[in-house]
Every structure is written in structure tokens, then in C-alpha cells.
Amino acid sequence: MSTGLVGNIQNTDYSVMNTENYSSENGKKTDSVQEVANENKESAAVYEKTAEKTSEKDAGLYSINKKSPADRAAIVQQMKQAEEDQRNKLLEIVRKTLEGQVSAFGKATDDSFWKKLAGGNFKVDAATKAQAQKDISEDGYYGVKQTSQRLFDFASALAGDDVEKMKKMQKAMEKGFNLATGAWGRDLPSICNETLKAANKLFDDYYKSKEEETAATTANATEQ
């Protein structure tokens, strides 16, 4: 059975990971939610704005219309690659998040299987176990509420306020959970499944809020 997703988790101190710093296996720091958002804005800038804007109405026009078919095809490919990179980034975030969550779960519950994946058959001292139990509690860092919110926030930072992109991010998140299940060869702990359910609810609430915004805008336009 492969344990590739958690091959180096024994070297990870899950308790010091936070939304600003996710320590990777090579010691580098991955992005915070804000850094992901900033990077996403930069990578999304695949269009060249026209140098001259004759009016405010024309301010959003892009020089893509003046490009050759080959250039336009290259830009489309760039956009597709950027979206793929975003999905892969979220997959990596899901992987690291689940590694931390199952590590905490294994230490908190003395579950032999998850404790082994978290770093081998070792004894957990009372202080470490108490911290792990705190971390997976309702309001803990690796509890359902905080973990699901972090996943949603990262997806939102990558997708921006774009419903269609958010739907793609949601599918990428779900794929990350499925990949973890396949790699570990058994169902994830209940806390992970509850986290996925809570994260999906955050997505559903987001979609509902956008639908309400659209309905309100339409109603106001009709009244005027």
C-alpha cells in the first residue's frame, strides 16, 4: 500500500503550520491565502491592454483582436495552462492540509493506522496528545470549521470572484480528497469527511449568494 502522500509527514510539526505558513518537505514556505490571491492576479494577466483608450467605454478592450490566429491560439493555451496550474496548486494545498489533519488525528486518538502514517509506531507523550486533541476539536486549527474554511479561502483566492472558476476549484478540492483516499488505501478518518462536507457547504453558500446578487441586480434594473 502506497503512503506517498505522507512520505515525509514524520518530519513535519503539524502544530506549527498556519494559514500564513505551510512548511513543505523541502523547507520552503508555500503561499498564504493573500499571496495566492496576488500570484493569481499576476498569472491571469495574459492579455495586453491597448496602449490608447479613446473613451471610457473602450477601456476594457484588448489587443487580442489584432493578433493573428496563431497568437490568439497561444493566448488561449496560456489561459488553459494557468487554470490547470491553479487546480494543481489547490491539489497540493489539499494534500498538505490532509497530511496535517490525519497526523493530528492519529496522535489525538491513538489510532494505530493513522499514527503509523503520521510517523511510525511511536509513543505520544501526554502533552503532544493533548495538543493534538485541541487541534482537532471543534474550534481547533485542524478541526472541521477552520480546516474547511482554509480550503475554501484558498480556492477563492485562486479563482477570484468567478463562479465558474470556483466550481472548477471545488472539483479540484474533491479530487484531492479522493486521491488521498486512494493513496492511503482506506477511507479517510471521519474528521476529514466532515471537513469535505463543510467545505462543500461553503461553496454552495457562495453560489447561492451570487444567485441572490444577480436576482437583486435584475430586479433593480427592471424597476428603473
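Q: Hi! How many residues does helix 2 have, and how far does it reach from its first C-alpha to its last?
A: Helix 2 has 41 residues and reaches 59 Å, close to the 60 Å expected at 1.5 Å a residue. The expected span is 1.5 Å times one less than the number of residues. Helices here are DSSP runs of H or I with at least four residues, strands are E runs of at least two, and both are numbered from the N terminus.

Q: Before I go on, what kind of model is this?
A: A predicted one: local features need pLDDT of at least 70, side-chain atom pairs count only at pLDDT 80 or more, and totals for chains, interfaces and linings use all residues. Residues are numbered from 1 along each chain as its sequence is written, and side-chain values use heavy atoms, with hydrogens and water left out.

Q: Thanks! What follows helix 2?
A: Asp-110, whose phi is positive, near 60 degrees.

Q: And at what angle do helix 2 and helix 4 pack?
A: At about 125 degrees, with the axes of helix 2 (residues 69–109) and helix 4 (residues 126–135) 8 Å apart. That makes helix 2 oblique to helix 4. Angles under 35 degrees count as roughly parallel, over 145 as roughly antiparallel, 65 to 115 as roughly perpendicular and the rest as oblique. Axes are lines fitted to C-alpha atoms, for helices over the stretch in contact, and angles run from 0 to 180 degrees between N-to-C directions.

Q: Which residues make that contact of helix 2 and helix 4?
A: Helix 2 brings Ala-104, Lys-107 and Ala-108, while helix 4 brings Thr-128, Lys-129, Ala-132 and Gln-133. Contact means heavy atoms within 4.5 Å. By class, the contact of helix 2 with helix 4 has three nonpolar, two polar and two charged residues.

Q: What about Lys-134, buried or exposed?
A: Lys-134, in helix 4, is exposed because its relative accessible area is 56%. The cut-offs are under 20% for buried, over 50% for exposed and partly exposed in between, using a 1.4 Å probe and protein chains only.

Q: Now helix 7: which of its residues are buried?
A: They are Ile-191, Cys-192, Thr-195, Leu-196, Ala-199, Asn-200, Phe-203, Tyr-206, Tyr-207 and Lys-210. What covers the buried residues of helix 7 includes helix 2, helix 5 (144–159) and helix 6 (163–184).

Q: Why does Thr-195 count as buried?
A: Because Thr-195 has 0% relative accessibility. Leaving out residues up to four places away in sequence, Thr-195 touches Gln-101, Val-144, Thr-147, Ser-148, Leu-151 and Phe-177.

Q: Last one: how many helices and strands are there in the protein?
A: Seven helices and zero strands. Of the 224 residues in the protein, 37% are buried.

Conventions. Ala, Val, Leu, Ile, Met, Phe, Trp, Tyr, Cys and Pro count as nonpolar, Asp, Glu, Lys and Arg as charged, and the others, Gly among them, as polar.
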